[in-house]
Amino acid sequence: MLERALTDALERAEEGDAIALRLLDAAYEQFCRMGIRRSTMEDVARRAGVSRITAYRRFATKDALVEQVVRREFRRYFDQFLLDIQQAETAADRVVFGFASALRAIRHNPLIGGLMAVEPDVLVPSMVSDGGNTLATVQRFVAGQLRREQQAGNVSEDVDVELVAELMTRVSASFLVTPSQVVDLDDDEQVREVARRFLVPMLRPKRGR
């Protein structure tokens, strides 16, 4: 599964290392309170109730710890995305709800959304200057969802789901990285209308679906 591929290192820590999990929880709290730049490994170790040496044994560098914490938040985003689209009855509605869910979940996430607002130079470069890995991961996730719709007969067979997923992912990333002066991203209905007008037509859904 894409979700497992995205967070395999984290899952190993959660399944077999209680101390690593404590450090991840402590780092999340620390980064939310103080930001990443002003937080140190010592701060995280102290909050987790372990020694600095123990912290470094689990995470060799602060960057490695930050990466795992951020990935866990993206994993939670994927989980929430799947929950949010359950209320939709059609493929078109799932695109609409999914688009709104993605923007809402990431922007309102205490860590990721907070960093985008106050420390964009810490988080954004890792999202857009990592050789495309972050966007590619999200693209594969979206393409997988669209492919299931296609296999179920909800989306025309001639739709290039890989390309459509690429376009949807890049539109979402653009809204997240660069605040809009036209679309109020805090207005769910306005965001959904954007999806209805510009994203849904890319699916060319079959009539009645």
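Reader: How much space lies in the second largest pocket?

Author: This is a predicted model, in which local features need pLDDT of at least 70 and side-chain atom pairs count only at pLDDT 80 or more, while totals for chains, interfaces and linings use all residues. Residues are numbered from 1 along each chain as its sequence is written, and side-chain values use heavy atoms, with hydrogens and water left out. On a 1 Å grid over the protein atoms alone, a pocket is an open set of points where a 1.4 Å probe fits, with protein on both sides within 12 Å along at least five of seven lines, and lining residues have an atom within 4 Å of a point. Grid points are joined across faces, edges and corners, and a volume is the space filled by probe spheres set on the points. Here the second largest pocket holds about 430 Å³; of its 27 lining residues, Tyr-77, Phe-81, Gly-98, Phe-99 and Val-142 are the closest to its centre.

Reader: Which helix gives the most to the lining of this pocket?

Author: Helices are DSSP runs (H or I, at least four residues), numbered from the N terminus. H10 gives the most, with eight residues, and H6 (62-84), H7 (91-107), H10 (133-151) and H11 (161-177) each supply at least two.

Reader: Is Gln-30 buried or exposed?

Author: Buried means under 20% relative accessible area and exposed over 50%, with partly exposed in between (1.4 Å probe, protein chains only). Gln-30, found in helix H3 (residues 18-34), counts as buried because its relative accessibility is 6%. Contact means heavy atoms within 4.5 Å, and, leaving aside neighbours within four places in sequence, Gln-30 is in contact with Gly-35, Ser-39, Asp-43, Val-44 and Arg-47.

Reader: Which residues of helix H4 are buried, and what do they pack against?

Author: In H4 (residues 41-48), Met-41, Asp-43, Val-44, Ala-45 and Ala-48 are buried, and the buried residues of this helix pack against H3, H5 (52-58) and H6. Gly-49, which follows H4, has a positive phi near 75 degrees.

Reader: Which residues have the most contacts inside the largest nonpolar core?

Author: In soluble globular proteins, nonpolar side chains tend to be buried together. A nonpolar core is a set of buried Ala, Val, Leu, Ile, Met, Phe, Trp, Tyr and Cys residues joined through side-chain atoms within 4.5 Å. The largest has 56 residues, and those with the most contacts inside it are Phe-31, Leu-65, Val-69, Phe-99, Leu-146 and Met-168. H7 gives the most to this core, with nine residues.
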